[in-house]
Amino acid sequence: MMTAFRLELRRGRMLVFWIGLLSALYAGFITLFYPTIIENSADFEKMLEVYPKELMAAFGIVGSLSDPGVFLNSYIFQFLWPLVAAIVAIILATRVAADSASGFLELPLSTRLPRLRYLSATIVGQIIALAVLAAVTVGSIWAVDLLIAPDFPIDRLALAGVHSLAMGLAIAGPTTLLAIVFLDRGRAGGLAAGILVQMYLANVIAQLSPDLTWLANLSAFHYFDLKPVIDTGTYPTADSALFLAVAIGGWILALLAFRRRDLAA
Amino acid sequence: MTHAIEAVGLTKWYGKRRGILDIDFQVGEGEVFGFLGPNGAGKTTTIRLLLGFLRPSSGRATVLGHDSWTDAPAAHAGLSFVSSEPGYLGELTARQQLDYMARLRGLTPGAWRAAAERLELDPTVPIKKLSRGNRQKVSVVQAFMGQEPLLVMDEPTSGLDPLMQREFLKLVAEVRAEGRTVFLSSHNLPEVERACDRVGIIREGRLVSVSTVGDLQASHWRSVNLVLAATPPPGTFDLPEVRIVAADARDVHLMVRGDVNPLLRRLATINVRDVSIQTLEIEDVFLGYYEGPNGSASRERPAGDESAMASASATAGETASAGESATATAGEAQR
């Protein structure tokens with residue numbers, strides 16, 4: 001299993017490096033602007049008053065942008081992280097389908113390595129990649145924060161990173177299941193991306209109309225609000241547990257399906 | 001004899017699409033078993049079933065005594081597998097790819113070196129930069145780098161040049177001498193004839209024949225082209241299992257089935273300027289299995305019709321497989 005795991009890490013390293021670099025640059029760059037936001041908060045708030053509050057809420061901007069929770073949540077965690085998590089989780093989780101199509105999968109699975117261990121190795125690879133990216137994102141905010149004032153509390157940033165990781169895993173688990181069911185990277189990845197886009201839209205629409213607030217419950221993004229964590233240190237335990245349950249459920253079903261699935265058609 | 005591989009009623013349907021149907025065969029320990037069939041006949045499906053990549057629709061297969069589906073890892077522990085189109089990772093070098101497979105098979109990294117040297121494989125080149133033939137060398141090296149008791153190879157020599165094909169056959173012979181078992185899928189008839197003890201022939205998903213190589217050789221036709229110094233005396237080619245396909249004064253095209261020695265002895269009595277003997281393409285041999293149970297159409301075609309060549313051999317193949325005697329002789333053809 002370690003051999004398969006090491007190769008999995010090797011194959012994911014360039015993806016993690018480049019996405020991590022872009023995340024760090026973006027998160028660091030945005031964080032660098034926080035003092036400017038504070039200094040000009042009155043002007044920013046006047047400018048944002050032009051837009052309907054519902055629209056602002058739809059994009060996570062509720063309250064003053066000088067509030068660290070609102071600032072980081074709207075500009076980084078609800079914008080950058082879902083993109084990063086979705087891209088990396090979909091690419092890594094559907095790799096098993098691509099390997100099946102290319103014939104690579106037959107190589108390790110023709111050895112004594114059981115299917116479950118092989119897929120488990122790829123799942124651990126997904127977790128590590130997403131954990132590294134969550135750490136890089138939070139770490140880049142913290143690194144830039146050392147250069148500016150006021151400070152963001154590092155412990156709350158760390159908690160935000162943990163919840164972000166849980167959200168990314170919730171994408172990876174079900175996507176792994178789709179990849180095993182279809183053994184077709186295009187179909188599995190496309191379906192996963194399509195569902196995420198619809199969830200995002202559902203969350204936006206739910207903020208725009210009081211009659212449609214129930215739609216938010218169907219969206220993963222509804223459970224990904226980091227403002228309370230950053231502002232008060234209140235960790236969204238229930239939301240994290242929900243994300244982890246979805247992730248683990250997806251992986252378990254994927255493992256069960258992989259154990260009994262034909263590897264070629 | 002203990003069976004290294006045993007298939008009993010092995011059947012695979014892909015939905016309504018046929019994979020293989022009710023296949024029964026055994027491969028004994030220490031045997032080199034050829035598995036012949038044209039593209040789409042079901043060779044790869046059979047191998048994927050043997051390796052537990054596919055679940056049988058019905059029937060079962062055991063490999064080294066382990067059920068190929070329910071106990072695949074145990075079966076895999078004793079085998080080395082080469083896919084017909086291995087999906088190597090392009091970014092890895094051959095060395096990295098082979099080390100990866102060696103580790104997964106419980107071998108030491110570098111176990112592949114001896115085989116790589118014999119096949120003149122440069123292990124430092126990334127797979128994506130290797131030609132098709134060199135990629136196939138990686139597969140062959142991978143097959144022979146361990147000491148597993150069973151080698152399962154799906155068209156391992158496609159893309160290899162003749163010298164490397166010869167080296168491959170030597171490696172197979174060495175493996176056989178060590179008492180290990182080889183299951184060799186191929187559509188290269190001469191290769192199978194040289195390498196194997198027994199041959200199974202699959203067509204349209206069904207195993208239509210399992211025979212020794214000797215029986216196979218006796219049942220298929222060869223094409224013999226002669227350039228003679230002078231027009232041969234009448235009846236020169238009146239021999240059993242010899243058919244004149246075309247005769248134009250000194251240029252003669254014959255079909256010979258089985259033993260060619262009687263014909264060679266007859267040729268020694270006349271002045272021959274040039275002779276070439278070719279084994280028919282496997283597709284031609286298989287045609288006999290594809291023409292249905294009667295397969296008589298080609299017998300009615302006139303001799304001298306070039307297009308009848310393949311059909312003639314096909315009829316012969318079919319007839320032989322059905323246990324009948326082929327009756328087309330040179331004399332009949334001349335008539």
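Buried residues, meaning those with 20 or more other C-beta atoms (placed from the backbone) within 10 Å of their own, make up 45% of the 265 residues in chain A. This is a predicted model, in which local features need pLDDT of at least 70 and side-chain atom pairs count only at pLDDT 80 or more, while totals for chains, interfaces and linings use all residues. Residues are numbered from 1 along each chain as its sequence is written, and chains are lettered from A and ligands numbered from 1 in the order in which they are written.

**Chain A**

- Chain A holds 13 helices and 0 strands, where helices (H or I, at least four residues) and strands (E, at least two) are DSSP runs numbered from the N terminus.
- The radius of gyration of chain A, taken over C-alpha atoms, is 20 Å, close to the 18 Å that the globule rule gives for 265 residues, so chain A is as compact as a globular protein of that length; the rule itself is 2.2 Å times the number of residues to the power 0.38.
- The C-alpha trace of chain A spans about 65 × 45 × 30 Å along its principal axes.
- Among the contacts in chain A with a separation of 6 or more, 76% are between residues 24 or more positions apart, two residues being in contact if their C-beta atoms, placed from the backbone, lie within 7 Å.

**Where the chains meet**

- Chain B brings 22 residues to the contact, and chain A brings 20 residues.
- On the side of chain B that touches chain A, helix H2 (72-76) and helix H3 (94-104) of chain B each supply at least two residues, and H3(B) gives the most, with 4 residues.
- That side of chain B divides into 13 nonpolar, 4 polar and 5 charged residues, with Ala, Val, Leu, Ile, Met, Phe, Trp, Tyr, Cys and Pro counted as nonpolar, Asp, Glu, Lys and Arg as charged, and the others, Gly among them, as polar.

**The six-stranded sheet of chain B**

- An open sheet of 6 strands in chain B has the order E6-E7-E8-E3-E9-E10 and mixed pairing, two strands being paired if DSSP finds at least two bridges between them.
- Its edge strands, each pairing on one side only, are E6 (79-82) and E10 (206-212) of chain B.
- Strand E3 (residues 32-36) and strand E9 (residues 198-203) of chain B pair in the parallel sense over 4 bridges, and B:Phe35 stands opposite B:Gly200 in E9(B).
- Helix H1 (residues 43-50) of chain B lies across E3, E7 (150-154), E8 (181-186) and E9 of chain B, running at about 145° to E7(B); axes are lines fitted to C-alpha atoms, for helices over the stretch in contact, and angles run from 0 to 180 degrees between N-to-C directions.

**The four-stranded sheet of chain B**

- In the open sheet E12-E13-E11-E14 of chain B, 4 strands are joined by antiparallel pairing, and E12 (242-248) and E14 are the edge strands.
- E12(B) and E13 (residues 251-257) of chain B are joined by 6 bridges, and B:Val242 has B:Val256 as its bridge partner in E13(B).
- E11(B) pairs with E13(B) over 7 bridges, and E11 (residues 221-228) of chain B also pairs with E14(B) over 7 bridges.
- B:Leu226 has the bridge partner B:Val252 in E13(B) and the bridge partner B:Val275 in E14(B).
- Strand E14 (residues 272-279) of chain B is hardly covered, since the count of buried residues among its 8 residues is 0.

Methods: Buried ≥ 20, exposed ≤ 12 C-beta atoms within 10 Å, placed from the backbone.
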